[in-house]
Amino acid sequence: MTKFTESKKIKKTTLKRFLRKRAIYYILPNVFFNFLVAYASFQELGYTHFFAGPQSLARLTLPMAIFLPVVLTMDIIKRVIAAIEQESIALTVDSELNRNKFITKLCIIHGFVTGLLVFLCLLLAQHNLSTHYKLNATAMAILDALLAGVLSILFTYLPIKKLRKHLSEPSLVIQEIERN
């Protein structure tokens with residue numbers, strides 16, 4: 001063993017604690033940075049529209065709604081599987097699971113569905129309001145940050161719900177054989 005691996009102790013934890021900690025790591029920067037970017041972009045104009053103009057709400061929100069779920073899904077699944085392989089979490093992953101295919105499929109589904117839902121919500125809001133309705137920049141920045149927070153929490157737990165089908169508790173017999 002190298003000095004680095006010896007010095008790095010593996011902390012035993014539960015999946016629930018692991019996910020709670022990751023959710024905090026995801027939500028704080030996503031809310032903060034999405035608010036700052038939206039606020040800075042919208043304040044330049046003083047107001048914004050849903051789809052029209054150089055800095056529309058859709059231009060900022062749709063990429064976030066597509067790519068944030070993709071990145072979070074990929075990251076949380078990889079981190080959980082790595083923690084299981086390091087025996088930090090007392091679970092085992094099904095050996096027949098094609099990880100790359102599973103992650104890719106889940107990322108595409110999450111990104112597409114979330115992007116479509118946000119797009120439909122924006123269309124519905126624009127349809128219900130006047131075409132020339134001007135949106136308050138600060139309120140839209142707060143709304144964008146709240147959406148980022150909700151997506152951060154949702155896509156920390158939702159991918160693991162799908163992964164649980166491929167996880168199992170290690171039996172005591174197998175653990176005893178591995179120790180000896």
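In which helix does asparagine 30 lie? Asparagine 30 lies in helix H2, and the views below start from the whole chain and return to this residue. The model is predicted, so local features need pLDDT of at least 70 and side-chain atom pairs count only at pLDDT 80 or more, while totals for chains, interfaces and linings use all residues. Residues are numbered from 1 along each chain as its sequence is written, and side-chain values use heavy atoms, with hydrogens and water left out.

**View 1. The whole chain.** The chain has six helices and four strands. Both kinds of element are DSSP runs, helices being H or I over at least four residues and strands being E over at least two, numbered from the N terminus. Read from the N terminus on, the order of elements is α-α-β-α-β-α-β-α-β-α. Of the 180 residues, 36% count as buried. Buried means under 20% relative accessible area, exposed means over 50%, and partly exposed lies in between (1.4 Å probe, protein chains only).

**View 2. Asparagine 30 and its polar contacts.** Asparagine 30 has a relative accessibility of 15% and therefore counts as buried. A polar atom of its side chain lies 2.8 Å from the backbone oxygen of tyrosine 26. The side chain of asparagine 30 is also joined to that of serine 152 by a polar contact of 2.9 Å. A polar contact is a pair of N or O atoms within 3.5 Å; within protein, one must be able to donate a hydrogen and the other to accept it, and residues adjacent in sequence count only if both atoms are side-chain atoms.

**View 3. Isoleucine 27 and valine 150.** Isoleucine 27 is placed in helix H2. Its relative accessibility is 22%, so isoleucine 27 counts as partly exposed. The C-alpha atoms of isoleucine 27 and valine 150 are 8.1 Å apart in space, and the two residues are 123 residues apart in sequence.

**View 4. Two aromatic pairs.** The structure holds two aromatic pairs. Rings of Phe, Tyr and Trp (its six-membered ring) pair if their centres lie within 6.5 Å; planes under 30 degrees apart count as stacked, over 60 as edge-to-face and the rest as tilted. Phenylalanine 32 and phenylalanine 33 form an edge-to-face pair, because their ring centres are 5.2 Å apart and their planes stand at 70 degrees. Phenylalanine 32 is partly exposed at 46% relative accessibility, and phenylalanine 33 is exposed at 52%. The rings of phenylalanine 35 and tyrosine 39 have centres 5.5 Å apart and planes at 20 degrees, so this pair is stacked. Phenylalanine 35 and tyrosine 39 both lie in helix H2 (residues 15–45), four residues apart, which is about one turn of the helix. Phenylalanine 35 is partly exposed, with a relative accessible area of 26%, and tyrosine 39 is partly exposed at 32%.

**View 5. Helix H3 against helix H5.** Two packed helices are described by the angle between their axes and the distance between the axes. The axes of H3 and H5 (residues 137–163) come within 8 Å and cross at roughly 30 degrees. H3 is therefore roughly parallel to H5. Axes are lines fitted to C-alpha atoms, for helices over the stretch in contact, and angles run from 0 to 180 degrees between N-to-C directions. Angles under 35 degrees count as roughly parallel, over 145 as roughly antiparallel, 65 to 115 as roughly perpendicular and the rest as oblique. The crossing of H3 and H5 is right-handed, a term used if the near helix is turned clockwise from the far one by less than a right angle. Residues of this contact divide into 19 nonpolar, four polar and one charged. Ala, Val, Leu, Ile, Met, Phe, Trp, Tyr, Cys and Pro count as nonpolar, Asp, Glu, Lys and Arg as charged, and the others, Gly among them, as polar.

**View 6. Helix H3 against helix H4.** H3 packs with H4 (residues 99–128) at an angle of about 155 degrees, and their axes are 9 Å apart. These two helices are therefore roughly antiparallel. H3 passes H4 in a right-handed crossing. The contact has 17 nonpolar, six polar and three charged residues.

View 7. Glycine 111 is in helix H4 and is buried at 3% relative accessibility. Its C-alpha atom is 9.0 Å from that of valine 71, 40 residues away along the chain. Threonine 114, also found in helix H4, is buried at 8%. A polar atom of the threonine 114 side chain lies 2.7 Å from the backbone oxygen of histidine 110.
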